[in-house]
Amino acid sequence: DVVKSCPGRVKVNAGHSVGKTHVCACICLWWFYTRNPCVVITTAPTLRDVVDLLWTEIRLLHTRAIIPLPDYFIGPRAPEFFDSDEHWGKGYTARRSESFHGRHRPHMLFVMDECEGLDPQYWIATNTMYQEDMDHCWLAIGNPTTTSSQSYVEDMARTADGRPKWKLFELSCLDHPNIKAQLEGKPPPVPNAVTLAQIHQFVQDWATPISVQEKKPDDFEWPPGSGIFYRPGPLFRGRV
């Protein structure tokens, strides 16, 4: 049953350089090429986020597909693919929420990349199109760096019947394959992603060393097994 298996609203609070944009690109391609008709709508705070990052990654994944996929891209750079009026996808820069209004189809995917930087109006506009009882999916992913953003508000939100509004997940830098490999003395397997040297710097810049007697549940040992403990600050929590 497609409706029952649809993930609904999914929100991912992720660390720095863990592959957020790659995840979004994979989901956009999967949705578009497994459903016809369907609509894919993406947004991000800046033109660079939309064109140079997310939709460039979508194009790269399309090019590298083991099984060749039909080419529905509009031109060499535009953040858009089009098959028909009922089967298309487009990336929007977060400038005016009015750009989102009026899209109502039975199979829709909404992707918010770098969602921490999106103003409340974009969340509200998307909410007017998202329908939980249809084959709709809404993915929001980003670095949770503040407690004043709409992204943070959404973490706490509830539905009308009291359920959590979002299925919440975390992608921590500390769990990345590169970090696990480098801690074992191996080369990082994922290019252009977070590295052990970056984590060392993050800990230095955004965490405070503490004694083992001061340790609380949210504090952590770094490096693992070293017996040295740290208390994460706000930036560490949002970026690692």
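This is a predicted model: local features need pLDDT of at least 70, side-chain atom pairs count only at pLDDT 80 or more; totals for chains, interfaces and linings use all residues.

Biologist: Which residue of E4 does Cys38 stand opposite?

Modeller: Cys38 faces His87 there.

Biologist: And the whole sheet, what's the strand order?

Modeller: E3-E4-E2-E5-E6-E1-E7. That's an open sheet of seven strands, and the pairing is mixed.

Biologist: Which strands stand at the edges?

Modeller: E3 (80–84) and E7 (167–171). Each has a single partner strand, so one side of each has no neighbour in the sheet.

Biologist: What does the twist average?

Modeller: 15 degrees from one strand to the next.

Biologist: Switching to helices. Which strands does H2 touch?

Modeller: E1 (8–14), E2, E3, E4, E5 (107–113) and E6 (135–142). The direction of H2 makes about 170 degrees with that of E5.

Biologist: What about H3, which strands does that helix lie across?

Modeller: E2, E3, E4 and E5. H3 runs at about 145 degrees to E4.

Biologist: At what angle do H2 and H3 pack?

Modeller: About 60 degrees, with the axes 9 Å apart. H2 spans residues 20–34 and H3 spans 47–64. The pair is therefore oblique, and the crossing is right-handed.

Biologist: Which residues make that contact?

Modeller: From H2, Thr21, His22, Cys24, Ala25, Cys26, Cys28, Leu29 and Tyr33. From H3, Leu53, Leu54, Glu57, Ile58, Leu61 and His62.

Biologist: How do they divide by type?

Modeller: 10 nonpolar, three polar and one charged.

Definitions and conventions
Residues are numbered from 1 along each chain as its sequence is written. Side-chain values use heavy atoms; hydrogens and water are left out. Axes are lines fitted to C-alpha atoms, for helices over the stretch in contact, and angles run from 0 to 180 degrees between N-to-C directions. Helices (H or I, at least four residues) and strands (E, at least two) are DSSP runs, numbered from the N terminus. Angles under 35 degrees count as roughly parallel, over 145 as roughly antiparallel, 65 to 115 as roughly perpendicular and the rest as oblique. A crossing is left-handed if the near helix is turned anticlockwise from the far one by less than a right angle, and right-handed if clockwise. Contact means heavy atoms within 4.5 Å. Ala, Val, Leu, Ile, Met, Phe, Trp, Tyr, Cys and Pro count as nonpolar, Asp, Glu, Lys and Arg as charged, and the others, Gly among them, as polar. Two strands pair if DSSP finds at least two bridges between them.
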